[in-house]
Amino acid sequence: MSSENPCLKCTLELSCCASLSGLRVNQTEFDRCFADVADQFDVERDGPFYRLSVKNGGACPHLETQCTIYEDRPMECALFPHTIGAVFDNDTLLMTVHKRTDCPQKTDLAMDDAEAVNRVEQFARETVGADAKIRVILDEGPARMEVL
């Protein structure tokens, strides 16, 4: 666990982790980070992803005074304050990346948008395969999903 976790300065009391809802993970991340605490989540399949929401709107089970898996956290956690959306259109996986969050440190925490898009594309390829049709777009406007 690193003492370099910038989220420890959060003025919203880590609300993204304290009421974890809709976290998108792939099978590898689920097995590594959440399989042993799966009973604490409402787990939905979303194509090749799992969508995790803590039951009763509770905190991530890995949140103690700070994240206990910070160095090995899932991609969407590492990407934050960028977040992702995903939908299949025929045989293409369309993923969006945006940073419309209420994180008070998003200006300081957010990686470069191009880096975020690259990480999401890598995540998608690890999830659905290197040869899959994948499209990742930076969504800078109001919340929406683009139709191909």
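Let me start with Asn56, which counts as exposed because its relative accessibility is 83%, where exposed means over 50% relative accessible area, buried under 20% and partly exposed in between, with a 1.4 Å probe and protein chains only. Asn56 has a positive phi of about 60 degrees although it is not a glycine, and it lies in the loop between β3 (49-54) and α3; helices here are DSSP runs of H or I with at least four residues, strands are runs of E with at least two, and both are numbered from the N terminus.

Before going further, please keep in mind that this is a predicted model, in which local features need pLDDT of at least 70 and side-chain atom pairs count only at pLDDT 80 or more, while totals for chains, interfaces and linings use all residues. Residues are numbered from 1 along each chain as its sequence is written, and side-chain values use heavy atoms, with hydrogens and water left out.

Asn90, in the loop between β4 and β5 (92-98), also has a positive phi of about 60 degrees without being a glycine, and Asn90 counts as exposed because its relative accessibility is 73%. The peptide bond from Phe80 to Pro81 is cis, with omega near 20 degrees, and Pro81 is found in the loop between α3 (75-79) and β4 (83-89). As background, most residues other than glycine have a negative phi, and most peptide bonds are trans.

A pocket, on a 1 Å grid over the protein atoms alone, is an open set of points where a 1.4 Å probe fits, with protein on both sides within 12 Å along at least five of seven lines, and lining residues have an atom within 4 Å of a point. The volume is about 850 Å³, and α3 gives the largest share of the lining, 4 residues, while α1 (15-18), β1 (23-25), α3 and β4 each supply at least two. By class, the lining has 25 nonpolar, 12 polar and 5 charged residues.

Which aromatic rings pair up? The whole structure holds 3 aromatic pairs, where rings of Phe, Tyr and Trp (its six-membered ring) pair if their centres lie within 6.5 Å, and planes under 30 degrees apart count as stacked, over 60 as edge-to-face and the rest as tilted. One of them is the stacked pair of Phe30 and Tyr50, at 4.5 Å centre to centre and 20 degrees between the planes. Phe30 lies in helix α2 and Tyr50 in strand β3, so this pair ties together parts that are 20 residues apart in sequence. Phe30 counts as buried at 10% relative accessibility, and so does Tyr50 at 12%. Phe49 and Phe123 are also stacked, with 5.5 Å centre to centre and 25 degrees between the planes, and they link distant parts of the chain, strand β3 and helix α5 (residues 113-128), 74 residues apart. Both Phe49 and Phe123 are buried.

Finally, a word on confidence, given as pLDDT, the predictor's confidence in each residue from 0 to 100. The protein averages 85, and 89% of the residues score at least 70. Confidence is highest in helix α2 (residues 27-34), at a mean of 96, and lowest in helix α4 (residues 106-109), at 77. Over residues 143-148 pLDDT stays under 50, and there the model has 14 contacts beyond four places in sequence, a contact being heavy atoms within 4.5 Å. Where pLDDT is low, the predicted coordinates should not be read in detail.

Note on methods: Points joined across faces, edges and corners; volume = space filled by probe spheres on them. Nonpolar A, V, L, I, M, F, W, Y, C, P; charged D, E, K, R; others polar.
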